[in-house]
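Below are some notes for a colleague who is opening this entry for the first time. Please read them with the sequence and the structure side by side.

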There are 2 protein chains.
Amino acid sequence: MENFNEIKKTKIFAEICENDMQALAYCLKIKFRNYNKNEVIVSPEQPFEEVVLLLKGGAKIEDMDSSGNICLVTKLKAGDMFGIENLFAGDLVFSDYLTATDNTLVMLMNKHRLITPCQNKCKRHDIIIKNLMRMIVERNSFLVEKLKLLSKKNTREKVLAYLHKQSVISGSTYFDIPFNKTELANYLSVDRSALSTVLSKLRDEGVIDYEKKHFHILKSEK
Amino acid sequence: MENFNEIKKTKIFAEICENDMQALAYCLKIKFRNYNKNEVIVSPEQPFEEVVLLLKGGAKIEDMDSSGNICLVTKLKAGDMFGIENLFAGDLVFSDYLTATDNTLVMLMNKHRLITPCQNKCKRHDIIIKNLMRMIVERNSFLVEKLKLLSKKNTREKVLAYLHKQSVISGSTYFDIPFNKTELANYLSVDRSALSTVLSKLRDEGVIDYEKKHFHILKSEK
DNA sequence: TAAATTGTGTTGTTTTTACAACATTTTGAG
DNA sequence: CTCAAAATGTTGTAAAAACAACACAATTTA
């Protein structure tokens with residue numbers, strides 16, 4: 001089956017064999033699309049009726065408010081999904097931009113079919129629903145964590161909380177972040193030059209060290 | 001059945017008749033608890049193995065960081081749930097406080113049972129799972145919206161975006177918000193006195209008017 | 001009802017941030 | 001390799017926010 005190598009690595013289709021996937025592909029009205037780096041996959045201007053599963057490459061979710069300020073919600077990697085917020089929505093108008101950050105292969109699924117279990121042909125649909133629920137719950141946790149980050153009262157605390165989190169995730173005081181400085185500023189919703197100043201100060205104080213996307217936490221403040 | 005009047009009004013148990021609920025009660029290991037106003041229902045200090053469904057009264061979810069700053073994540077009303085983030089988590093340590101804002105009745109459910117469909121006795125379990133998924137997706141949308149709110153670059157924009165949203169929800173330029181000013185400041189993650197200053201300024205400019213928790217939007221800025 | 005607690009608005013001070021402008025460095029495309 | 005574009009760090013300035021202290025109003029509770 002087309003692209004099955006990528007499909008079987010995703011969380012939502014883990015444990016599904018190629019035969020069952022064949023049935024699911026029909027049931028979920030699967031389509032594949034390729035995008036070049038920096039190409040817009042979904043935008044608020046062009047409503048989108050499906051749910052997106054990233055199979056290869058990378059993408060970023062951004063929101064732009066009426067003043068033109070960009071909020072980088074998150075970056076997606078293979079196996080991540082986009083459009084979950086609209087799973088149950090009848091008419092689907094995304095308010096976010098999904099943009100490829102690499103050459104990217106995505107799979108589109110019919111959102112109605114996805115959430116509606118069917119007994120006859122694709123017997124594995126109930127597994128998909130449970131996997132889907134797990135992913136949504138994980139996304140939920142991620143959003144709550146980001147909410148707490150943005151609730152910090154100044155840039156220094158945002159940065160330290162973010163770096164601490166990344167350090168815990170990687171299991172080391174040495175780690176790479178998925179953002180460049182401009183993106184990190186958007187992610188933390190602060191001015192880029194202000195972020196640069198804070199990072200420099202933290203380095204001067206010997207709290208952290210960094211080089212491009214590579215960071216090292218030297219002192220863990222209480 | 002005990003408290004069925006409240007149960008049938010919730011989203012997750014809508015469409016479930018009393019008989020089926022009886023079976024579900026057993027399957028989900030349901031328990032009921034009463035809390036007085038200001039009593040802590042769940043706290044990070046006391047790990048909690050279940051998922052909470054609010055049946056009567058109200059509650060608020062708060063997060064406190066290491067510096068003691070409080071982030072008011074949201075207020076809950078009857079029918080809302082707490083603990084969804086930990087549905088799939090093995091060992092369950094909540095990092096948030098859930099506090100009753102009124103005299104409150106809650107229902108506790110076994111999280112493992114909730115996400116695991118069973119065929120034999122409680123045939124309605126699949127409906128519950130779909131309802132649950134819908135609630136999680138809605139919570140997801142809520143979190144994304146709040147994220148966008150906190151991404152605004154100053155207090156004025158946060159306030160205006162929040163009030164605009166509330167206005168849209170209520171379908172009128174006159175509406176009540178569920179917070180007092182202190183809570184609103186926590187919700188928007190800004191200093192209370194700074195919020196007060198911004199609100200006064202907006203009133204002076206004739207953009208909004210307000211009295212306690214009642215607001216009126218006079219001019220809708222682009 | 002009186003007293004205590006909580007909520008609210010105001011003001012002045014200090015700190016932090018956004019913003020703009022700029023010099024370098026790095027990256028990527030042709 | 002070369003050139004243009006993008007990323008990065010720095011600085012100064014103006015705006016905004018946090019913070020603290022206070023007065024007074026509203027609400028709760030004993």
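1. A point to keep in mind throughout is that this is a predicted model.

2. How many residues surround DNA strand C, and which are the closest? There are 17 of them, and the closest come from both chains, namely A:Thr155 and A:Asp191 together with B:Lys153, B:Lys181 and B:Ser200. Sorted by class, the surface near DNA strand C is made up of nine polar, five charged and three nonpolar residues.

3. Which helix supplies the largest share of the surface near DNA strand C? That share, five residues, comes from H7 of chain B. At least two residues each are supplied by helix H7 (192-204) of chain A and, in chain B, by helix H6 (181-188) and helix H7 (192-204).

4. Turning to the protein partners, the contact between chain A and chain B takes 37 residues from chain A and 37 residues from chain B. Together the two chains bury about 3400 Å², with 63% of that area on carbon and sulfur atoms. Of the area that chain B buries against chain A, 21% is supplied by B:Phe88, B:Met133 and B:Leu147, which is more than any other three residues give.

5. Polar and charged groups also take part in this interface, where the count is six salt bridges and 10 residue pairs in polar contact, with both residues at pLDDT 80 or more. One salt bridge joins the side chains of B:Asp63 and A:Lys148, with an N to O distance of 3.5 Å.

6. On the side of chain B that touches chain A, strand S5 (70-77) and helix H4 (125-151) each supply at least two residues. The largest share of that side, 17 residues, comes from H4 of chain B. By class, the residues on this side of chain B divide into 15 nonpolar, 13 charged and nine polar.

Conventions
Residues are numbered from 1 along each chain as its sequence is written. Chains are lettered from A and ligands numbered from 1 in the order in which they are written. This is a predicted model: local features need pLDDT of at least 70, side-chain atom pairs count only at pLDDT 80 or more; totals for chains, interfaces and linings use all residues. Side-chain values use heavy atoms; hydrogens and water are left out. A residue is near a molecule or strand if one of its heavy atoms lies within 4 Å of it. Helices (H or I, at least four residues) and strands (E, at least two) are DSSP runs, numbered from the N terminus. Ala, Val, Leu, Ile, Met, Phe, Trp, Tyr, Cys and Pro count as nonpolar, Asp, Glu, Lys and Arg as charged, and the others, Gly among them, as polar. Contact means heavy atoms within 4.5 Å. Buried area is the accessible area (1.4 Å probe) that two parts lose on being put together, summed over both. A salt bridge is a side-chain nitrogen of Lys or Arg within 4 Å of a carboxyl oxygen of Asp or Glu. A polar contact is a pair of N or O atoms within 3.5 Å; within protein, one must be able to donate a hydrogen and the other to accept it, and residues adjacent in sequence count only if both atoms are side-chain atoms.
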